[in-house]
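Dear colleague,

Please find the structure below, handed over for your files. My notes on what was found in it follow directly after.

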Amino acid sequence: LHTLKGGSASYSVREVAAVTHQLESSISSLMEDPSSFDTDKWTKLTLQLKQHYNHFQSQVHELLGSTT
């Protein structure tokens, strides 16, 4: 997640960077206190990450075309 967050931020893919930051924070919280882990929040964030990444991927595809 850390690498994805940094790469996204470096290339101004802000939505992906923001969600990966939140996921990273959730992991830190889990390590500090496993009983406080919020599985619903984790699920919501992972779905958001997938949506934002897919949106980014479609924009890149529009600009660069297919790589296959």
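Lysine 41 is partly exposed, because its relative accessible area is 43% and the partly exposed class lies between buried, under 20% relative accessible area, and exposed, over 50% (1.4 Å probe, protein chains only). The residue belongs to helix α3; helices (H or I, at least four residues) and strands (E, at least two) are DSSP runs, numbered from the N terminus. Between the C-alpha atoms of lysine 41 and valine 16 there are 16 Å, and the two are 25 residues apart along the chain.

Before going further, please note that this is a predicted model, in which local features need pLDDT of at least 70 and side-chain atom pairs count only at pLDDT 80 or more, while totals for chains, interfaces and linings use all residues. Residues are numbered from 1 along each chain as its sequence is written, and side-chain values use heavy atoms, with hydrogens and water left out.

Threonine 43 lies in helix α3 and, with a relative accessible area of 41%, is partly exposed. Its C-alpha atom is 9.9 Å from that of leucine 23, a residue 20 positions away in sequence. Serine 58 is also placed in helix α3, which covers residues 39–64. Serine 58 counts as partly exposed at 32% relative accessibility.

How do α2 and α3 cross, and at what angle? The axes of helix α2 (residues 14–32) and α3 come within 9 Å and cross at roughly 155°; axes are lines fitted to C-alpha atoms, for helices over the stretch in contact, and angles run from 0 to 180 degrees between N-to-C directions. The pair α2 and α3 is therefore roughly antiparallel, a term for angles over 145 degrees, whereas those under 35 count as roughly parallel, 65 to 115 as roughly perpendicular and the rest as oblique.

Valine 19 is in contact with Leu45, Gln48, Leu49 and His52, leaving aside its neighbours within four places in sequence.

Which residues form the largest nonpolar core? There are six: Val13, Val16, Val19, Leu23, Leu45 and Leu49. A nonpolar core is a set of buried Ala, Val, Leu, Ile, Met, Phe, Trp, Tyr and Cys residues joined through side-chain atoms within 4.5 Å. Both α2 and α3 give two or more residues to this core, and the largest share, three residues, comes from α2. In soluble globular proteins, nonpolar side chains tend to be buried together.

Helix α1 (residues 2–10) packs against α2 at an angle of about 155°, with their axes 8 Å apart. This makes α1 roughly antiparallel to α2, and their crossing is left-handed. His2, Leu4, Lys5, Ser8 and Ala9 of α1 make the contact with Val16, Ala17, Thr20, His21 and Glu24 of α2. Lysine 5, in helix α1, touches Ala17, Thr20, His21 and Glu24, not counting residues up to four places away in sequence.

Lastly, serine 12 is found in the loop between α1 and α2. Its phi is near 60°, a positive value in a residue other than glycine. Most residues other than glycine have a negative phi. Serine 12 is partly exposed, with a relative accessible area of 44%.

Methods
Contact = heavy atoms within 4.5 Å. Left-handed = near helix turned anticlockwise from the far one by under 90°.
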